[in-house]
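This briefing concerns the aromatic side chains of a predicted model. Please consult the sequence and structure shown below while reading the points that follow.

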Amino acid sequence: ESVINIYNYAFEVCLNLDSIIISNGVTSIGDLAFYNCSSLTNITIPNSVTSIGNNAFSLCSSLINVTIPNSVTSIGDEAFEGCVNLKNITIPNNVTNIGNSAFSDCRSLTNIAIPKSVTNIGDNAFFNCQNLKSINVESENAKYSSENGILYNHDKTKLICYPAGKKETSFSIPNNVTSIGNTFYDCIQLTNITIPNSVNNICVGAFQC
């Protein structure tokens, strides 16, 4: 009960660790704290935790459920990268930062909701999420928006992420979009994309379909 921090690398590559109880009072989970704990199936993060470090749960390939409490404000880079069986995750209303590649290669995720508090979504946050069908942003969010489960910036001038698990075969990019990010990675269902004249910037890797 006296533990306040779980430091960097604390349980890194504990390959047979299948469960852990984090006591209420822990405020931070460090970088790579549970990296490649490949037998870990479920974890509940207590209400005292405010930050989840970079790669904190990367390659926890058996992890199915994660409950993130409202106390958490930051989810680090690649925090859940490679959690290929992760099906359920809650992003609470106080999170402001979702790091680069935070949920990349989470191939079992189907839906994700972005609360109004989020002001930064890092590059490739949902990269290679092959079954992700929708990203829904709370309407009061001042930085981001969504339409038909597709992620944009707030004024819809930048197309950020088209979920790879959507089943539609064609997509017409809205006329007000001027920039396309690394948007369509692994969107293997798409056979036709219409790009409007308004687009003046397309990032490298935008159409790795």
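Rings of Phe, Tyr and Trp, the last represented by its six-membered ring, are taken as a pair if their centres lie within 6.5 Å; planes under 30 degrees apart count as stacked. By this rule, the predicted model contains 10 aromatic pairs.

**Phe103 and Phe126**
- The rings of Phe103 and Phe126 are stacked, with 6.1 Å from centre to centre and 5 degrees between their planes.
- Phe103 belongs to the loop between β8 (97-98) and β9 (111-114), while Phe126 belongs to the loop between β10 (120-121) and β11 (134-137); the pair therefore ties together parts that are 23 residues apart in sequence.
- Phe103 and Phe126 are both buried.

**Phe184 and Phe207**
- Phe184 counts as buried because its relative accessibility is 0%, under the 20% cut-off.
- Phe207 is partly exposed, its relative accessible area being 36%.

**Cluster of rings**
- Phe11, Phe34, Phe57, Phe80, Phe103 and Phe126 are linked into a cluster by ring pairs.

**Charge over a ring**
- Lys166 is positioned over the face of Tyr162, at 5.9 Å from the ring centre.

Terms used
Residues are numbered from 1 along each chain as its sequence is written. This is a predicted model: local features need pLDDT of at least 70, side-chain atom pairs count only at pLDDT 80 or more; totals for chains, interfaces and linings use all residues. Side-chain values use heavy atoms; hydrogens and water are left out. Rings of Phe, Tyr and Trp (its six-membered ring) pair if their centres lie within 6.5 Å; planes under 30 degrees apart count as stacked, over 60 as edge-to-face and the rest as tilted. Helices (H or I, at least four residues) and strands (E, at least two) are DSSP runs, numbered from the N terminus. Buried means under 20% relative accessible area, exposed over 50%, partly exposed in between (1.4 Å probe, protein chains only). A charge sits over a ring if NZ of Lys or CZ of Arg is within 6 Å of the ring centre and within 35 degrees of the ring normal.
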